[in-house]
Structure formats: structure tokens, C-alpha cells
Amino acid sequence: MFRKKKMFISLWEFFYGHFFRFWMKWLLRQMTGKCELQRIFDTYVGAQRTHRIENSLTYSKNKVLQKATRVVQSEVDKCVDDIMKEKNINPEKDASFKICMKMCLLQITGYKQLYLDVESVRKRPYDSDNLQHEELLMKLWNLLMPTKKLNARISKQWAEIGFQGDDPKTDFRGMGILGLINLVYFSENYTSEAHQILSRSNHPKLGYSYAIVGINLTEMAYSLLKSEALKFHLYNFVPGIPTMEHFHQFYCYLVYEFDKFWFEEEPESIMYFNLYREKFHEKIKGL
């Protein structure tokens with residue numbers, strides 16, 4: 001049954017992509033006097049608009065339209081002009097097209113660049129010989145424990161802010177320096193919230209390792225970005241090029257929401273962390 005359904009979907013996608021879509025677009029153009037891109041701008045707004053524009057460009061047989069999703073920021077204006085020439089769109093008759101298309105292309109190409117930027121930081125391992133990395137780690141301690149001095153660089157005190165071992169560098173292996181940057185960003189920009197959540201993470205029954213969970217949430221934010229599940233959120237709320245700042249803000253949202261989710265669920269033990277992490281992951285994807 002499953003195989004038959006999968007085969008039917010594959011056949012439909014093939015015929016739609018090679019035959020029906022072309023004739024449907026042609027018929028609608030004759031009826032409305034507008035190309036598919038113009039009709040999308042007339043019908044949709046926000047993330048749905050950008051997403052449909054992206055699909056239309058990606059699956060187009062026109063090379064100019066295909067490459068539009070891969071242009072760099074400096075080429076966006078020229079790319080919009082090229083699209084208008086290819087589709088015979090008169091700028092006087094459709095004055096808003098150029099503005100809307102430019103915004104969509106900035107969002108589409110910006111998302112791809114954001115992923116590359118995040119991936120570049122994630123691939124950078126924490127280096128204890130790197131002075132900037134060490135200073136960032138000390139900054140995290142001072143932000144979270146402003147009234148308590150760290151006795152030594154390698155110390156059991158790191159457990160007080162949720163690291164596993166005496167040397168936090170071992171906990172950054174999965175997400176590299178990105179995990180630390182996120183922890184510092186949240187602690188620096190939302191200091192009172194960070195103190196409250198750190199305090200809640202020390203709950204005698206429902207407590208969890210603040211820093212380790214924070215690094216886990218970096219991995220979650222990264223995986224949502226990589227799988228493109230974060231597209232709709234950024235397309236809706238960023239009217240232009242998404243940046244690292246938007247990624248960090250999304251991470252902060254995850255920290256706040258996870259803490260609330262954890263205490264609402266009341267897990268029996270921290271041993272069930274992975275189970276609740278996946279449940280939270282699915283909840284965020286749904287949102």
C-alpha cells in the first residue's frame with residue numbers, strides 16, 4: 001500500500017513537472033495576462049509568498065530564473081532586471097514587481113548565506129590556546145556568576161553553570177565555538193533571564209545542566225536551519241537578508257521556551273532528557 005502510494009506521488013510529480021505545470025502556467029497567463037511570478041505576488045504575502053517564488057524559480061526551465069536563487073547580494077538588482085526582461089514584465093504597468101522580487105531574492109539568497117556563515121562558525125573547534133576563545137569562556141562565567149570568583153581555569157566550579165567536566169572545552173566538541181558564542185549572547189543580552197533560568201536549572205527535582213542544555217539547543221537551532229525548517233520563520237519576520245543576529249535571537253527563543261517546556265512536562269528524571277528534547281524539537285518544528 002505504501003509503495004503504491006509512493007509510486008503514485010512520484011508519477012504525479014513527474015507528469016506535473018514535465019507536462020501539466022507548463023500547460024497550466026500557459027493557460028493562466030493567457031487568462032490573466034500575468035506570469036506565474038506576478039500571480040504569486042498578487043495572491044500571497046509573507047513566508048508563503050517567498051516560498052512559492054523560490055519554488056517557481058527553482059523548478060523553472062528558464063536558466064535566468066533558475067540561477068536567481070543562487071545570486072550574491074551585489075547581483076540581486078541586475079538579476080531582478082533580467083527576470084523582468086525574460087518574463088516581459090513592464091515596470092510601468094507593474095511597479096511593485098521589482099520591489100517584491102528584490103525582497104524575496106534577498107531573503108532566499110540570504111538564508112543560504114546564513115547557513116554557510118553558521119556552518120563556518122560551527123566547524124571552528126574551541127581552542128584553549130586561543131586567547132579570544134578563553135576570554136569568551138571567562139566572560140560567560142562572569143556574566144552568569146558575577147559575585148563569585150572562578151578559582152582556577154580548570155575547576156569543578158564549572159559544574160555550577162552546567163558543564164559536565166572540570167574543563168568546559170570538552171563540552172564544545174559537537175558545536176564548536178558556536179555553542180559558546182550562543183551561551184554568551186543569551187547571557188549578555190538577556191542577563192536577568194539567564195540568571196533566572198540558571199537558578200531554575202538547579203531545581204532539586206527538575207534540574208538540568210544549564211550549559212549542556214544550552215549547547216544542545218545550539219545543535220537544535222543549527223539542525224533546523226540546515227534542514228530549512230527555519231525558512232518560514234525567517235521569511236515571515238526578516239524583510240530582507242537574515243543574519244547571524246537573527247540566528248542568535250532564535251537560539252534565545254529556544255532557551256526560554258525549552259525551560260518553560262521542561263518545567264511544564266515535569267520529567268521524572270534528567271535521564272529522560274533525550275526523549276523530551278525530541279518532543280520539544282517536534283513542537284518547535286510544528287510552530
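What is the relative accessible area of Lys98, and does that make it buried, partly exposed or exposed?

Author: Lys98 has a relative accessible area of 36% and is partly exposed, where buried means under 20%, exposed over 50% and partly exposed in between, with a 1.4 Å probe and protein chains only. This is a predicted model, in which local features need pLDDT of at least 70 and side-chain atom pairs count only at pLDDT 80 or more, while totals for chains, interfaces and linings use all residues. Residues are numbered from 1 along each chain as its sequence is written, and side-chain values use heavy atoms, with hydrogens and water left out.

The side chain of Lys98 meets that of Asp81 in a salt bridge, at 3.0 Å from N to O. This pair links distant parts of the chain, since Asp81 sits in helix α5 (residues 76–86) and Lys98 in helix α6 (residues 95–122), 17 residues apart. A salt bridge here is a side-chain nitrogen of Lys or Arg within 4 Å of a carboxyl oxygen of Asp or Glu, and helices (H or I, at least four residues) and strands (E, at least two) are DSSP runs, numbered from the N terminus. Asp81 is partly exposed as well, at 31% relative accessibility.

Helix α5, which carries Asp81, also has buried residues, namely Val76, Cys79, Val80, Asp82, Ile83 and Met84. These buried residues pack against α2 (36–43), α3 (46–58), α4 (63–66) and α6, with contact meaning heavy atoms within 4.5 Å. Cys79 has a relative accessible area of 4%, and Cys35 is buried too, at 2%. The count of disulfides in the model is 0, a disulfide being taken as a pair of cysteine sulfur atoms within 2.5 Å. After α5 comes Asn88, whose phi is positive, near 55°.

Glu119 forms a salt bridge with Lys123, with the closest N and O atoms 4.0 Å apart; Glu119 is buried at 13%, whereas Lys123 is exposed at 59%. Arg153 forms a salt bridge with Glu134, with the closest N and O atoms 2.7 Å apart. Arg153 lies in the loop between α7 (131–144) and α8 (177–189) and Glu134 in helix α7, so the pair ties together parts that are 19 residues apart in sequence. Arg153 is partly exposed at 22%, while Glu134 is buried at 16%.

Lys231 is buried, with a relative accessible area of 7%, and lies in helix α11 (residues 231–237). Neighbours within four places in sequence aside, Lys231 is in contact with Glu54 and Tyr111.

Helix α11 leads on to a pocket. The second largest pocket holds about 310 Å³ of space, and of the 13 residues that line it, the closest to its centre are Ala229, His233, Phe250, Ile284 and Leu287. The elements giving two or more residues to this lining are α11, α12 (244–265) and α13 (273–286), and the largest share, 4 residues, comes from α11. A pocket is found on a 1 Å grid over the protein atoms alone, as an open set of points where a 1.4 Å probe fits, with protein on both sides within 12 Å along at least five of seven lines, and lining residues have an atom within 4 Å of a point. Its volume is the space filled by probe spheres set on the points.

Turning to helix α8, Phe186 lies there and is buried at 3% relative accessibility. Leaving out residues up to four places away in sequence, Phe186 touches Thr191, Glu193, Ala194, Ile197, Tyr210, Tyr251, Cys252 and Val255. Phe186 and Leu140 are 46 residues apart in sequence and 9.7 Å apart in space, C-alpha to C-alpha.

As for the chain as a whole, it has 13 helices and 0 strands, and buried residues make up 44% of its 287 residues. Among contacts between residues at least 6 apart in sequence, 64% join residues at least 24 apart.
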